[in-house]
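Biologist: I would like to learn how to read surface and aromatic features in a structure. Could we go through them one at a time?

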Amino acid sequence: FFFANVQPPADMADVYVIGQLVGADGFDRPNLLCTWEVITGAQWAHVEGHTKGQTHVLMDPDDGVWAHPIDVHYQARSIQGWPKIVVNVWYQDNYGRKT
């Protein structure tokens with residue numbers, strides 16, 4: 001969504017979380033994927049972008065990268081509840097189950 005004419009209230013700051021999940025290191029199994037979620041406090045309002053997601057399955061962790069983008073826009077009234085990114089690395093079996 002894009003709101004070109006909407007201005008945030010004067011008491012709210014805009015915060016952009018921009019980056020990427022590059023890959024995994026130190027795992028001895030193939031078929032790895034990553035789930036992620038951005039968690040914020042009550043003083044933070046989500047404006048646009050995905051707040052959670054999942055990477056593709058990395059068949060060979062030695063040769064590949066996820067390069068999964070994260071781009072989220074928030075408006076905040078306070079620094080309390082600053083965004084935290086929760087990351088989980090999973091193994092996917094031949095039946096598509098995560099363990």
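Modeller: Let us begin with a single residue, keeping in mind that this is a predicted model. Val 89 belongs to strand β6, which covers residues 84–91.

Biologist: Which residues form the nonpolar patch on the surface?

Modeller: The nonpolar patch consists of Phe 27, Ile 85, Val 87 and Val 89, and together they have about 300 Å² of accessible area.

Biologist: Which residues form the negative surface patch, and is Asp 62 buried or exposed?

Modeller: The negative patch is made by Asp 25, Asp 60, Asp 62 and Asp 63. Asp 62 sits in the loop between β4 (52–54) and β5 (68–76), and with a relative accessible area of 69% Asp 62 is exposed.

Biologist: How many aromatic pairs does a search of the whole structure find?

Modeller: The search finds two. In one of them, the ring centres of Trp 44 and Tyr 74 are 6.2 Å apart and the planes stand at 80 degrees, so this pair is edge-to-face. Trp 44 lies in strand β3 (residues 44–48) and Tyr 74 in strand β5, so the pair ties together parts that are 30 residues apart in sequence. Both Trp 44 and Tyr 74 are buried.

Biologist: Why is the pair of Trp 44 and Trp 82 edge-to-face?

Modeller: Their ring centres are 5.2 Å apart and their planes are at 90 degrees, and planes over 60 degrees apart count as edge-to-face. Trp 82, at 47% relative accessibility, is partly exposed, whereas Trp 44 is buried at 7%. Trp 44, Tyr 74 and Trp 82 form one aromatic cluster.

How values were computed
Residues numbered from 1 in each chain as written. Predicted model: local features only at pLDDT ≥ 70, side-chain atom pairs only at ≥ 80, totals over all residues. Heavy atoms only, no water. Patch = residues over 30% accessible without salt bridge, like charges linked within 9 Å, V, L, I, M, F, W, Y side chains within 5 Å. Areas by Shrake-Rupley, 256 points an atom, 1.4 Å probe, with all protein chains shown as cover. Salt bridge = Lys/Arg side-chain N within 4 Å of Asp/Glu carboxyl O. Helix = DSSP H or I, 4+ residues; strand = E, 2+ residues; numbered from the N terminus. Lys, Arg positive; Asp, Glu negative; His and termini not counted. Charge placed at Lys NZ, Arg CZ, Asp CG, Glu CD. Buried < 20%, exposed > 50% of the residue type's maximum accessible area, 1.4 Å probe, protein only. Phe/Tyr/Trp six-rings, centres within 6.5 Å; stacked < 30°, edge-to-face > 60°.
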